[in-house]
Amino acid sequence: MSTYQPSPLPTADPSRTARLRDALLAAGFTADGLLDLLGAPAYTALARGETVPAERATRGEGALRTLVRLFLLQRSVPLAGARAVLPVDDCLADGWLVPDGASEAGAADGVRAVVDVRPYGGPEGQDWWIVSDLGCAVGGASGAAAAGEVDRSQLVLGVGGASTTLAGLTVSTPVGRVLDLGTGSGIQALHAGRHATHVTATDLNPRALACTRLTLALSGAPEADLRQGSLFEPVGDERYDLIVSNPPFVISPGARLVYRDGGLSGDALCRTLVQRSADHLTDGGWCQLLANWEHVEGEDWRDRLRSWVPSGCDAWIVQREVQDITQYAELWLRDAGDHLGDPARYAARYDAWLEEFESRGTRAVGFGWITLRKSGADRPSVVVEEWPHPVEQPLGGVIADHFDRQDYLRTRDDAALLADRFRLADEVVQEQVGLPGAEDPEHVVLRQNRGMRRATKVDTVGAGFAGVCDGTLSAGRILDAIAQLLGEDPVLLRDRTPESIRLLVEQGFLVPVVE
């Protein structure tokens, strides 16, 4: 059976690429322009790799419709229509387009795109474009393999939910050096260029590095230092202020697809990345990545992940989702398009996944975020938690604040804590839960409407304390006033309350007022 071999990628002559970028902007081929043309349902369906709604929305003439059909729906279009929108000679010279004899209109003078060029909105309203291989939209019902027996082992995927999640998690304060490990189509390198002096992007796949170069050039972003190799091999003993990685974290038998399969046993690739990251971080540096991890029979998954954290590093690990091994295998078999092929081969591959899991005692697989900060603390803060609830992206600032609070808490004993002042975090509300008409609530809940959107139960003292915190009075003075109001012994109240205050600070309900 024949296999599809990916086309040679375009080059990026600076002047011709600038003219192409200007043409895309002039036609409104941007994230906002697509939303206006397609409408929200078709736009979000296209992001999932489903093209039928966009096909219906782009019937007819117009510059933007032509570009959608060409670069997103990957249809051949008449040469005359392309010339009305694009600098076609430039695009042919650099290889963005190639001649095609069967255009939509049935003419012999059509052109088609060689790569997927997808508009992407930056965090401050920038108009960017992500370049990836054709037929490699993330999340389509048919997998990224559009049809037939497609050799996807070296193909480069475009932007997906994992990519945008990591971009939203990244602490984006100005830094000197950033490493984007496993860059793929260059999304994280594109974001890093906003706040870093120097960006290094690595990938095992040379085709991914070429796509990253195109993504940065077409988006008008600074060039990155592109290096080929696995994990930290391409950077030697260099150190970075920030390491970001959306690695090939899929736990699979073998390494069929380089963009997703780590090639190491179980979750060893993610574990290795975490454990080795400290050697490549500057003091105070960050490492942020997405990961999968195994839930192994007889082990607490939290303890497994704590064991990954290198010494001298604080960590915040959040499990967002758990799938049993059958769900997990089915997800990634569909991602590869295996369900569209020979049923016997699909069954054999499915069986191989389950055999691999059972050999290691794996019962489920978790997915989530890992953030490390090289603090050098004698008593590192390592928080491992499950949080499957909705959050509000971007969370980069929330993550930075979490680690600042950990720094604060480990320097305060109970006496110092009671001497400090606090304020209630923005957009925290109080909910009272109880039977209708009851004189007193069964319990009180504090709820965040921003960031992690946490909720926590508090008693009467906790609710009263949080409500009074406006940064003017010390915690001890507030507790003394509450004790007088409730007729309690202020000494006993001071003794038993610091633990609750610590929890409210750790979870972000209370913000220390530090002068």
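**Helix first, then the rest**

Mentor: Start with helix H5, residues 63-72. This helix is mostly covered, with 8 of its 10 residues buried. Keep in mind that the model is predicted.

Trainee: Which residues in H5 are buried?
Mentor: Leu64, Thr66, Leu67, Val68, Arg69, Leu70, Phe71 and Leu72.

Trainee: What follows H5?
Mentor: Gln74 does, and its phi is positive, near 60°.

Trainee: Zooming out. How many helices and strands does the protein chain have?
Mentor: There are 20 helices and 19 strands in the protein chain.

Trainee: Why call it as compact as a globular protein of that length?
Mentor: Because the radius of gyration is 26 Å, close to the 24 Å that the globule rule gives for 515 residues.

Trainee: What does the C-alpha trace span along its principal axes?
Mentor: About 90 × 55 × 50 Å.

Trainee: And how many of the residues count as buried, as a percentage?
Mentor: 50% of the 515 residues. The chain exposes about 22800 Å², and carbon and sulfur atoms supply 50% of that area.

Trainee: What about contacts in the chain with a separation of 6 or more?
Mentor: Residues 24 or more positions apart account for 70% of those contacts.

Trainee: Now the inside. Which residues touch the most other members in the largest nonpolar core?
Mentor: Trp293, Tyr328, Trp353, Trp369 and Ile370, out of 75 residues in that core. Strand S10, residues 281-296, gives this core its largest share, 7 residues.

Trainee: Stay on Trp369. What is it in contact with, leaving aside its neighbours within four places in sequence?
Mentor: Here is the list: Thr165, Leu169, Leu289, Leu290, Trp293, Trp316, Ile317, Val318, Arg320, Val391, Leu395 and Met452. Trp293 is also one of the core residues that touch the most other members.

Trainee: What does the second, separate core include?
Mentor: Among its 38 residues are Leu9, Ala82, Val114 and Leu214.

Trainee: Switching to sheets. What is the strand order in the open sheet of 3 strands?
Mentor: S15-S16-S17, with antiparallel pairing. The edge strands are S15 (428-433) and S17 (455-458), each pairing on one side only. Neighbouring strands are turned by 30° against each other on average, direction ignored.

Trainee: How many bridges between S15 and S16?
Mentor: They pair over 6 bridges, antiparallel.

Trainee: Last one. Which helix packs on the sheet?
Mentor: Helix H17, residues 460-468. H17 touches S15, S16 and S17, and its direction makes about 120° with that of S17.

Terms used: Residues are numbered from 1 along each chain as its sequence is written. This is a predicted model: local features need pLDDT of at least 70, side-chain atom pairs count only at pLDDT 80 or more; totals for chains, interfaces and linings use all residues. Side-chain values use heavy atoms; hydrogens and water are left out. Two strands pair if DSSP finds at least two bridges between them. Helices (H or I, at least four residues) and strands (E, at least two) are DSSP runs, numbered from the N terminus. Axes are lines fitted to C-alpha atoms, for helices over the stretch in contact, and angles run from 0 to 180 degrees between N-to-C directions. Contact means heavy atoms within 4.5 Å. Buried means under 20% relative accessible area, exposed over 50%, partly exposed in between (1.4 Å probe, protein chains only). The radius of gyration is taken over C-alpha atoms; the globule rule is 2.2 Å times the number of residues to the power 0.38. Accessible areas come from the Shrake-Rupley method with a 1.4 Å probe; for residues, only the protein chains shown count as cover. A nonpolar core is a set of buried Ala, Val, Leu, Ile, Met, Phe, Trp, Tyr and Cys residues joined through side-chain atoms within 4.5 Å.
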